[in-house]
Every structure is written in structure tokens, then in C-alpha cells.
Amino acid sequence: MEYFGSIVWVLNIVVLIYFLSLNSLYLFFTILSGLEIRKYLQRLPYSGYDYIFSDLMTPPVSIVVPVYNEELNVELTIGNMLHLKYPKYEVVVVNDGSKDKTLDILIEKFRLVKMDTRPTSGLTTALIRAVYSSLEYPNLRVVDKENEGSKADAINAGLNLVKYNFFLSLDGDAILEEDSLLKIIRPVVENPDEVIAVGGIVRVANGCKIEKGRVTTPSLSKSTIAVMQVIEYLRAFLAGRTGLSRMNSNLIISGAFGLFRTDYTKAVGGFRAESIGEDMELVTSLHAYMRRQKKRYKIIFIADPVCWTEVPETLKVLQRQRRRWQKGLMQVLSRYKKMFFNPKYGPIGFLVYPYFFIFEGWGALLEISGYLLFIISFAFGLVNLKFAVAFLCATILFGTVLSLLAFILEEFTFQRYPRFRDMIRLICIAILENFWYRQVSSWFRFMGIIDYLMNRGSWGDMQRKGIGG
Amino acid sequence: MMMSDLPFQVVTAVCVILFVICLTLIILLFGLKLFRHYWDQRFQKRFFFYEKHISDWLTGIPGKDLDALKSPHIGDHEIIEKLIIGVVNRFTGTFRHHAIQFLEFEGYVKRKIKIIKKSRNHYEKALAIDRLGLMRSQEGISILLEVLNENQPEIRLLAARSLSRIGNTNTLPEIMKLLEKEPDRNVSRYIGIISAFGRNALIPLIDMFNNRSAEKRWLAVTLIGEIRDPNSIDLVGKLLVRETNSKVKAACIKSLSLMGDIKWVNEIGKFLNDSDEHVQIACAKALKRIRHPQSLSTMIQALPDAPFQVQYELLRSIVDYGKEGKTLLVAELPNSKDSLKNLIRDTIRVAA
């Protein structure tokens, strides 16, 4: 029995060390993010978007928008994209074999006519049925293709048609702010030779007031799950990715809102069609490619350009989403395992990939089993009170600290939720989410790992309420 | 296998300290919010004060109100700079003169020159160059001329644009020299810059008609069209006849139509049968602009065999001629292929 008790004790210590390391790393990234955002904000008064981006400096951009069964949102979101503040851009919408009226709405509302043009070269994709041009908007084209079950394939079909050397990958239900494109292109303007990809922040649109396809008043949703995702997104984007960006080691730029260089994207074979985490896959392969070619490059994340998107409001839909994300992450991690502690990849090899592998990838297994082990050990008196307090502090209190820091970072910088009521609610949720949401989220990730190991699961449909308000 | 409790106590203590720091920051945050609210109100008052003085100044009492702007509070420089630059670019004559003087006296111009000389940040430098042009101060000319020799094409381009904004014609030869050296891919970006010099740029542009680079010939023709100098019409027409490059041909056609002379309308019509689609499209657009009745039949004749994009442009041009154009199109419907029929119907519907 004493032998069994010792093993349980050691396992508990391992779990405690795991949580401490995970949260300390988060804290480190949050501090880095704070420094990065401070630098960004100090330079903001010199931004001069109106002047500098008026014509000469700005590279033209192709916006690629895959849509699948988006009949509720498509008119609004594409209409919104056609009225961005940007000197020269085109919108390539890829209808990925929608079963609803998405294509009909596009044809009718944007006055599309079928063209003889076919994508001439490039990436292999599912069958293209037709390419349409708009009689009303010369910078709008629509590709109608067969559905092959992956968003990556749809983006590749759009990529074969784009005219410009930078393209913005965007979700069909995304709402851009008027100047988002100007802001996301700024790192390219500053350093045109080295910047090959830029990510912007994705924020939660649920609960916001939306008029004519624009978020006019950001506010919080009535759904607690949606608000918990607000905190989660702040932690991931504002605190996490900005910090990683400072080390040029960002492995994820969200496919929902990411700018990439077209030539390099094509050079690495575009988005991998069979991958679920196609955005992470692309960024990781870009890192690998650029390092192999020994080229100087930068993959940047900036927290200012905003894209709003609808998030799940029920645990059922959230579960599907998170399991899919986790499975995608596991696929990419396994495909690029050569990066693990590989000196060729610099900080990615030594810090970021191991972090993703241990904590973001397989970590959920340890988290779920760790929580269970702790509860059982405490119930059977196998751990003492001081350990129990330390464990709760390392998991829940430290977690709360990180959520609050993400909130503080937001409030000291961009302040998207200026109302006093929203601020108080965010603080309460930042504390509360550590008591159940994070554990539930770990459970979904755990299930995602099981899906990956059993090679099961598919995309599933996101149930939308429509962002039109 | 129990170990000392000290590490657990340390973990607990560190977490609690971090939590207390967070709470303190949140209290600070709320305090700051309240302070900001108060500060914003004060700032708004001060801002309106500036605005009021500027509007007074604009209604005719310059010198006195300039003094009111001379001791700005720290942090307000950016706003004042934007305000005055707004005045410089919105008005002419005395108002502009006084505003430029203000920017010079108060060191705003020198500050930009310093950034251009010292900043290693490509972006900040670009912005300073751009702003210097918007300030329209003659003080900025010498540094901008220096910058014309920079390696970065965007920086050179911005310097040229700023010089064009300042508008000193003595700088035009330097810009033309720069343009001569620029690689073809950058040439198109000089359109707005040179056109800002207006008729002063005519002679160097006409000289450029014989340039070996098609891009530069294209630029010259395009600008001549924008300047709309009637004396250059024949020169452009002659260039159109001898030109081999499609892009330049298209630009010649556009320029002739912009200058509005009907002398060359027949010649333009012939280019509807050109082998290049862009030239054909330029023709269709030009004939729409010139609106010469004779052009209608030429366009109708070209319609059936033209590629899709050209058909589309031709239809838009024909419809633009009004009732006469639409009648001809309706008459053409029975003889057309299905795809053309659809396009004709659609274009007429849009026009309606």
C-alpha cells in the first residue's frame, strides 16, 4: 500500500510540475505580448494610415473567402468585403459545393456572369464547375467547385485564381473592420522583403451590435459560454500569439483571418487538403521552407487588425469544434516532429514546438488524468492539505491570474469593451471560467486526441444564427 | 516518500502574490479609467479651443491666433500637426502661407527632416517624407532631393511625390532624371507625381515619346492625356499610328479621347479590330467618351466577333449613347449568338 501511495504521490508531483510549467510559460508569453503591444502602441500615433496607405506604398491584396452553406451571411459578409478601405484589392469567393442557396444568392446579389476563364496552373484541387465575374464589382470573382470535404482545398482553388502576391485568407462568416486590411498589411509595408505572413486578432461577434455588415457596438453576448470564449480568445491571441510573434516563432495564424505571401504559399504546396488544421500546417511548413532555403523571413502577429466571428453558444457545438481543432493540431505536430529540439529551427525547435507538443498537443491527457488523480488522492487522503492548496493554486488561481492578465492587457490597450458593465462581467467570467470551463475545454481536447488516435471524426457543421443581427 | 512542504508553500505564495498583483492592476485600471474620463473632458475643451481659434484665424485674423497654438501641451503635437496640415492642404493663398509659416516656426518641419535623416525604420521615414510633402514647406526641398537617391524604390517615390506636392518647378528636372533611371516596374507609380506639375511637364513628356522603354512612352502619353493640352493631339495621334506596343497604343487612344478631339475618331475606330484585347477595350471606352454618332455603327459591327470582355465594354458604350444605341442593340438581338443575346439583355436591363 505504501508503494502504491508513493507512486500516486510522485504522479501528483508530476502533474503539479506540469501545470506550473504550463502556466509559467503562458505568463512568459503574456509578458512578451505586453512588451510587444506597448511597442506597437507607442508607434501608433505615427501610423498615418490615411496618408501612407493612400496609394503608393500599399501592395495590392487578394482576399480569398471559402464559403460553404453560408446563405444566411454571404450577402452581408461579401458586401462588407467589397467596401473595405484599401486602395487595390480583389475578392475571390470560393463556393465549396454548398448545398443551400449560397451560390444563387451570390449570382443574384452581385450580378455574376459565367466566365470562360479557368484557373490555369498551380495547386491541385477538386473539380472546378465554373468561374464567375461580377458585372457590378470588377474586383469580385466567384469560383464554384465540388466539395472535397476540406476548407484547404477551397482556399487552394481560390489561390489558383488570385492576381496579387499577398492574399488574405478569410472565413465566409467573418466581419472585417473597415480598416482591418490596412492594418494587417502594415508590417509588409514596413518590411516588404522579409514579412511573408501576418495574422490578426479574431474576436467574438456574438452579442455585438452589427449594422450593415459592420460591428458598430462591441458588447458581450448573453451566453456565458460565448463570453468565456471572449476571455479564451484574448488569452490565446492577445497574450499568446503576440508573445510568440516577438520571437518570430508563431506556429498558428488563424485561417479565419491571415495574410500570406502567395508565391511562398504556392511554393510549399498551398494549404494541405487532407489536413484539418490547415492554417497551422501552412505556417509550420512556411517556417520549415524558409529555414531550408536559408532566407530571412518574418511571420508576424499583430493584435490590432480585427476580424469578428461567430462562436458556438452550446457545449455540443463547442465540443465538435474543439475536437476538430485538437485533431488538426495533433496531425500537424506529428507531421513536423523533426522540429522537436532541432537546432536548425532556432527558438521554434527549442521552445515553441516542444511547448506545442507537450502542452497544447498531448497535455490534455495529463490534465484530465491529473485532475482525476488529484480528486481521488485527496479523497483517499493520499496527499496532504498543503499539497492540495498548492495544486489548486497552481491550476485554478494561476489560471485565473492568466485570464485576468489577458483582460488587463486588453483594457490597457485596445479597450474593445468600454462599457463598465461589460468590464465587470469579463472580470467575473475570467475568474469563473477556471472552475469549470477550462476543465471542460481540456476534456474536449482529450476527446480530440482520442479522435486523432482512432482516426475518426469529420468537420461537422457549425450551426449559425446569422451575423446580420 | 513524503517531501518537505516548503516547495508547496512557495508555489502557494507565488500564486497568491500574482493574484494580488492582478487585483491591484485591476483597481489601477478602474482608477485610470476614471482619470481618463476626466482628462478626456478637459482635452476636449482644449481641442475645441484650438478649433475655435483656427476657425477665427480662417475668417481673417491670422497672427494673433497663431500665438494661441504656439505653446501646445506635451502629447498634443500630433493633433496640432494634423490640424495645420489640414489647413495647408485645404486652403490656398494667405491661409496656406501662414499655416506653412507656423509649421516652420514651431519646428514641425525640422522634426520631420530629423526623422528622415536619422530614422532607420523604413516606415517612420516614409511617413515623415510623406508629411513633409503635405506641409508644403520649401525648407523640405533639399532633404527630399537627397532622398531621391535612396535605394528603396518606395522611399524615392514618396520623396518625388512630396516634391510634387511642394510644387517647386525647379525640382521637376530632378524628378524626370529619377524617372529615367527607374526600372519599368516602378514607372506607373509616377503618374500622379508628374501630373501635379501640369503644363510645366509637357516638354519633357513629349521628349519621352521617343524613349526606348514602352513603360515610359506609356507614362508620357497617359499624362499628356490627363493634362489635356490641345497642342499635343497630333503628336499623340502620330505616336498611335507608329506604335507597336499594345499598352502604349491603348494609352494613346485614351489620351486622344480625353482631349476630346474628333479628328482622330476614325483612326480610333480602326483599332477595334486590333489583335490585342486591351487595345480593343480602350477603343470601346474611348468611343463612349467621344460620343460621336459615327462611332455607333463601328461598335455594332465589331460586336459579334469581339471577345467577351470587349463585348461587355462595347455594350456599355453603346448603351451610354442613349435611346439610339439601345434601338440599334435591340435590332441586333435576333442575329446574335445566345451568349451575346444574354449579355445585351443584361446590359440593357442594368442601364434601365
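1. For the classes used below, Ala, Val, Leu, Ile, Met, Phe, Trp, Tyr, Cys and Pro count as nonpolar, Asp, Glu, Lys and Arg as charged, and the others, Gly among them, as polar. By class, the lining of the second largest pocket holds 17 nonpolar, 9 polar and 15 charged residues.

2. This is a predicted model, in which local features need pLDDT of at least 70 and side-chain atom pairs count only at pLDDT 80 or more, while totals for chains, interfaces and linings use all residues. Residues are numbered from 1 along each chain as its sequence is written, chains are lettered from A in the order in which they are written, and side-chain values use heavy atoms, with hydrogens and water left out.

3. Of its 41 lining residues, the closest to the centre are B:His278, B:Ile281, B:Lys285, B:Gln309 and B:Glu313.

4. A search of the whole structure finds 1 cavity of 30 Å³ or more, a cavity being a set of points where a 1.4 Å probe fits but cannot get out. The largest cavity has a volume of about 40 Å³, and S8(A) gives the most to its lining, with 4 residues. That lining has 7 nonpolar, no polar and 1 charged residues.

5. The count of salt bridges over all chains comes to 34, each being a side-chain nitrogen of Lys or Arg within 4 Å of a carboxyl oxygen of Asp or Glu. One of them joins the side chains of A:Lys145 and A:Asp96 (2.7 Å, N to O), linking strand S5 of chain A to strand S2 of chain A, 49 residues apart. A:Lys145 counts as buried because its relative accessibility is 0%, and A:Asp96 is buried with a relative accessible area of 5%, where buried means under 20%, exposed over 50% and partly exposed in between (1.4 Å probe, protein chains only).

6. Within helix H9 (residues 172-181) of chain B, B:Glu174 and B:Lys177 lie 3 residues apart, about one turn of the helix, and their side chains meet in a salt bridge (3.5 Å, N to O). B:Glu174 counts as partly exposed, at 34% relative accessibility, whereas B:Lys177 counts as exposed, at 51%.

Definitions and conventions. 1 Å grid on protein atoms, 1.4 Å probe; cavity = no way out; pocket = protein on both sides within 12 Å on 5 of 7 lines; lining within 4 Å. Points joined across faces, edges and corners; volume = space filled by probe spheres on them. Helix = DSSP H or I, 4+ residues; strand = E, 2+ residues; numbered from the N terminus.
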